[in-house]
Amino acid sequence: MSEEVENADEEFEPKIVGLLCNWCSYAGADLAGTSRIQYPPNIRVIRVMCSGSVDPVYINRALLDGADAILIGGCHPGDCHYIDGNYKARRKMALLKNILTTLGMEPDRIWLKWISASEGQEFADTVQEIVEETKKMGPNPMKERWNL
Amino acid sequence: MIYELKVEEDAPMTVNNFLKELLTEGEVDAVIAMTETPSGKSAFPTMISHPEKLSTNVFAPLLPVSTGTVVSKVTKVKPPKKTLAVVLRSCELRALTELVKLNQADLENIILIGVDCSGTLSMDTYQGQDQDITEAVLKNESEDDLRTACLNCKDPVPKNADLVIGTFGADTDKNLFLDAKTEKGAEIVSALGMDESEGEEVREKAVQDIRDEKEENRKAFIQERSEIEGPDKLLEFFDTCVNCHNCMKVCPVCYCNECIFESSIFDLEGDKYMKKVEGKGAYKTPTDSLLFQLTRFNHMMLSCVGCGLCEQACPSDIPLMDVITGLADNAQELFEYEPGDDPEEELPLVVYREEEFEDVEER
């Protein structure tokens with residue numbers, strides 16, 4: 001925290017929460033690491049068993065606590081380890097984004113991406129893209145709110 | 001087929017007598033119907049098996065609890081072996097249909113009697129009125145007093161009932177309609193031997209008119225309230241939320257048996273709170289009021305039947321329907337889903353199509 005205050009004049013570095021499915025996206029992130037593919041260090045990865053298991057409560061919590069972007073990573077459609085978890089995740093995210101849109105709460109901070117275990121480069125590119133886009137959006141305004 | 005109930009004394013008494021006949025003729029073994037409490041301050045869905053104990057007023061303009069929730073309680077563990085008739089308003093029926101889809105109610109041996117709804121009043125307004133309030137609401141004389149949810153009702157005409165007691169299109173001093181919607185309903189009517197009504201066309205027109213009126217109200221209301229958006233206005237809106245979770249407890253379609261916000265998952269060690277506060281430097285307590293609201297919206301919005309019990313239960317008088325009405329319509333439109341409409345239709349979040357919502361992946 002103190003470090004952030006000191007560097008306040010420097011370029012905004014978004015904090016990204018990554019919720020990655022155990023079977024595909026998490027392994028993809030692992031591959032990016034073991035293949036020594038460079039990607040921005042802005043993402044904090046949390047492993048989940050399936051993108052379909054990501055309840056909106058986790059995303060809302062990260063958003064309200066001030067995360068600048070949230071990535072939900074799952075297997076490509078048709079490849080879900082649990083057959084259809086990612087399709088259900090897509091419906092949940094569609095609802096979440098719809099609700100955030102109605103409330104004027106920046107649905108664009110939420111990203112849903114399909115990244116397979118063999119797509120280390122895709123994972124690195126995705127993080128790069130999220131960092132760039134989030135820098136354009138600026139910091140999450142909820143970060144400064146204490147009254148919620 | 002539509003039949004006629006001749007009004008003797010007044011409309012509530014007529015329905016009371018009809019229910020009495022159901023019990024004495026052995027068509028049903030018990031009923032659940034709105035009954036005024038002895039003090040007259042309130043009315044509750046009441047379960048009655050002895051015909052002489054019937055003193056119902058199914059038109060009492062009050063919604064202290066959703067009868068959908070009551071039917072869930074009675075049938076969730078195991079539905080009764082004997083026959084139970086339940087009288088419900090349209091929003092209660094919609095809630096019950098959603099609960100059936102959620103496996104939290106079972107309609108075996110249940111006879112659903114819907115009743116046209118002219119709207120309900122707040123607890124305070126109801127208590128402050130004299131005895132004729134039922135008639136005033138029935139005759140649309142108290143429209144200004146109706147709860148917000150009722151003014152903007154999704155549909156005041158019951159769907160998915162075996163029988164519908166109709167007031168729309170009827171002169172409630174003279175007659176009521178009895179519409180047999182299912183085979184079960186028709187069997188009961190034929191057992192009791194009732195007269196067919198000639199007012200079917202009049203009723204259809206009246207029903208269409210009230211549906212159109214409510215839809216117009218609802219659209220205008222949503223448009224008017226659409227300015228509540230963005231962090232500033234949203235936080236101001238929920239500023240007085242005391243995090244009591246009453247809205248969740250009374251919600252007929254808030255379906256989790258144990259709400260995550262009532263679980264021990266938010267019971268953290270002191271050090272976790274100390275770490276949490278470091279993130280922002282300051283935190284209002286109890287924490288997570290807005291997180292609770294946002295998450296609740298995600299869980300129940302597609303099944304929201306618009307009963308407005310959440311708003312009625314709020315001790316801080318937060319006009320929740322100002323936000324929820326628009327949220328529900330937008331979300332339900334996105335999934336082309338109408339809660340309480342079709343019992344055979346699956347809940348949107350348990351099904352999927354391979355090709356849909358691809359714009360969600362764009363970002």
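A residue counts as buried if 20 or more other C-beta atoms lie within 10 Å of its own, with C-beta atoms placed from the backbone. By that criterion, 51% of the 148 residues of chain A are buried, and in chain B buried residues make up 43% of the 363 residues. The structure described here is a predicted model, for which the predictor gives the complex an ipTM of 0.94 and a pTM of 0.94.

**Chain A**

- The secondary structure of chain A consists of 5 helices and 4 strands, which follow one another along the sequence in the pattern α-β-α-β-α-β-α-β-α.
- For 148 residues a compact globule would have a radius of gyration near 15 Å, and the 15 Å of chain A agrees with that expectation.
- Taken along the principal axes, the C-alpha atoms of chain A fill a box of roughly 45 × 40 × 20 Å.
- Of the contacts in chain A between residues at least 6 apart in sequence, 80% join residues that are at least 24 apart.

**Chain B**

- Chain B contains 15 helices and 8 strands, and its radius of gyration of 22 Å is close to the 21 Å given by the globule rule for 363 residues, so chain B is as compact as a globular protein of that length.
- The C-alpha trace of chain B spans about 75 × 45 × 40 Å along its principal axes.
- Where contacts in chain B have a separation of 6 or more, residues 24 or more positions apart account for 74% of them.
- The average pLDDT of chain B is 95, and 99% of its residues score at least 70.

**The contact between the chains**

- In the complex, 38 residues of chain A are in contact with 34 residues of chain B.
- On the side of chain A that touches chain B, the elements giving two or more residues are helix H3 (56-65), helix H4 (85-103) and strand E4 (110-114) of chain A, and H4(A) gives the most, with 14 residues.
- By class, the residues on this side of chain A divide into 20 nonpolar, 6 polar and 12 charged.

**The crossing of H4(A) and H14(B)**

- The axes of H4(A) and of helix H14 (residues 321-334) of chain B come within 10 Å and cross at roughly 145 degrees, and the crossing of these two helices is right-handed.
- From H4(A), the residues A:Ala94, A:Leu95, A:Asn98, A:Ile99 and A:Thr102 meet B:Gly326, B:Leu327, B:Asn330, B:Ala331 and B:Leu334 in H14(B).
- This contact of H4(A) with H14(B) has 6 nonpolar and 4 polar residues, with no charged residues.

**B:Pro231**

- B:Pro231 lies in helix H9 (residues 230-237) of chain B, and because 19 other C-beta atoms are found within 10 Å of its own, B:Pro231 is classed as partly exposed, the cut-off for a buried residue being 20 or more.
- Leaving aside its neighbours within four places in sequence, B:Pro231 is in contact with A:Met105, A:Pro141, A:Met142 and A:Arg145.
- B:Pro231 and B:Asp267, which are 36 residues apart in sequence, are 27 Å apart in space, C-alpha to C-alpha.

Note on methods
Residues are numbered from 1 along each chain as its sequence is written. Chains are lettered from A and ligands numbered from 1 in the order in which they are written. This is a predicted model: local features need pLDDT of at least 70, side-chain atom pairs count only at pLDDT 80 or more; totals for chains, interfaces and linings use all residues. Two residues are in contact if their C-beta atoms, placed from the backbone, lie within 7 Å. Ala, Val, Leu, Ile, Met, Phe, Trp, Tyr, Cys and Pro count as nonpolar, Asp, Glu, Lys and Arg as charged, and the others, Gly among them, as polar. A residue is buried if 20 or more other C-beta atoms lie within 10 Å of its own, exposed if 12 or fewer, and partly exposed in between; C-beta atoms are placed from the backbone. Axes are lines fitted to C-alpha atoms, for helices over the stretch in contact, and angles run from 0 to 180 degrees between N-to-C directions. A crossing is left-handed if the near helix is turned anticlockwise from the far one by less than a right angle, and right-handed if clockwise. The radius of gyration is taken over C-alpha atoms; the globule rule is 2.2 Å times the number of residues to the power 0.38. pLDDT is the predictor's confidence in each residue, from 0 to 100.
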